[in-house]
Amino acid sequence: MFDFRYHVASLIAVFIALVIGILIGIGLSGKGFVSDAERKNLEHEISALTRRQAATAHYADQTYLALVKSRLDKQRIGVVFLGSVNGTIKTAVTQAVHAASGRVLRLRALRTPIDDKAIQRIVASRPALREYAGADHLRDLGHDIGVELVAGGKTPLLDALGDVLLEERDGGGQAPVDGVVVSRTAPPQQGSTHEFLMGLYAGVASAGVPAVGVERSSPATSAIKAFVRGGLSTVDSIETSAGRLALVLELAGAGSGHFGVEPTATSGLLPPVTPLTVTTGG
């Protein structure tokens with residue numbers, strides 16, 4: 001199971017940050033709340049707390065690397081952005097996957113909001129796709145595109161709609177992925193795009209591999225609740241060591257849930273960490 005020291009370290013880091021903020025607010029205001037001697041003592045305490053926070057962060061980073069090693073050995077991961085690619089999230093996900101000995105097989109960024117009229121013109125003009133014509137079938141369309149993003153192989157919908165749907169693509173689309181990471185960088189959507197995205201979340205979630213919705217700390221608007229409604233597991237604060245560790249554990253099959261430090265993290269900070277089985281020659 002998970003080393004309890006790591007959890008304590010994370011809590012200590014949060015506590016130290018809060019204490020530093022309080023001390024700065026009440027002790028260094030320079031408005032007579034404390035004497036000069038007391039202020040110097042507070043400055044000393046802040047310096048010590050800052051050093052402890054740095055040490056705690058270093059410990060967390062070192063522990064993270066040890067815990068993720070080989071957990072995604074040879075696994076292929078897909079990354080889907082709904083909206084433009086966010087560099088911080090892309091880097092965090094890529095680093096986490098690589099640190100766990102996996103690889104990002106492909107990345108797709110979907111234009112959000114969708115161009116509903118262009119989509120409808122294309123599906124209506126192709127007999128094989130006419131079952132998706134009409135606003136009533138946008139969830140079905142999103143669902144089946146979500147499945148294609150995971151399964152690879154023949155992708156008739158993405159082949160037909162790629163120029164309209166995709167803002168960015170990197171990596172081949174033929175091989176299936178062993179897990180998928182979803183990030184919504186666009187603001188919350190309404191109408192046709194909302195229907196399409198809810199279908200896409202459900203399709204990705206139903207594809208038979210771990211599917212995790214992620215976001216960075218303190219986003220302008222959170223997508224976690226939308227991911228939950230769509231059936232995805234979730235991780236917030238993906239750019240932190242704890243966030244990257246939670247992502248690796250979920251992709252490795254530790255179990256679905258909603259992890260992180262925000263109120264939406266109803267499953268706690270991290271999934272359970274089980275020891276890796278080491279195979280030795282003999």
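**Terms and their grounds**

Guide: The largest cavity holds about 30 Å³ of space. The model is predicted, so local features require pLDDT of at least 70 and side-chain atom pairs pLDDT 80 or more, while totals for chains, interfaces and linings use all residues. Residues are numbered from 1 along each chain as its sequence is written, and side-chain values use heavy atoms, with hydrogens and water left out.

Visitor: Why is this space called a cavity, and what is a pocket?
Guide: On a 1 Å grid over the protein atoms alone, a cavity is a set of points where a 1.4 Å probe fits but cannot get out, whereas a pocket is an open set with protein on both sides within 12 Å along at least five of seven lines. Grid points are joined across faces, edges and corners, and a volume is the space filled by probe spheres set on the points. The whole structure has one cavity of 30 Å³ or more.

Visitor: What makes a residue part of the lining of the largest cavity?
Guide: A lining residue has an atom within 4 Å of a point. Gly78, Val79, Val80, Arg106, Leu107, Arg108 and Leu149 line the largest cavity. Strand 1 (76-82) and strand 2 (103-110) each give two or more residues to this lining; strands (E, at least two residues) and helices (H or I, at least four) are DSSP runs numbered from the N terminus.

Visitor: How is the lining of the largest cavity divided by class?
Guide: This lining has four nonpolar, one polar and two charged residues.

Visitor: What makes residues of helix 4 buried?
Guide: Buried means under 20% relative accessible area (exposed is over 50%, partly exposed in between; 1.4 Å probe, protein chains only). In helix 4 (residues 116-125), Ala118, Ile119, Gln120, Ile122 and Val123 are buried. Helix 5 (138-151) and helix 6 (156-165) are among the elements that cover them.

Visitor: Why are strand 3 and strand 7 called edge strands?
Guide: Two strands pair if DSSP finds at least two bridges between them. Seven strands form an open sheet of mixed pairing in the order 3-2-1-4-5-6-7. Strand 3 (166-170) and strand 7 (258-259) each pair on one side only, and therefore are the edge strands.

Methods: Contact = heavy atoms within 4.5 Å. Nonpolar A, V, L, I, M, F, W, Y, C, P; charged D, E, K, R; others polar.
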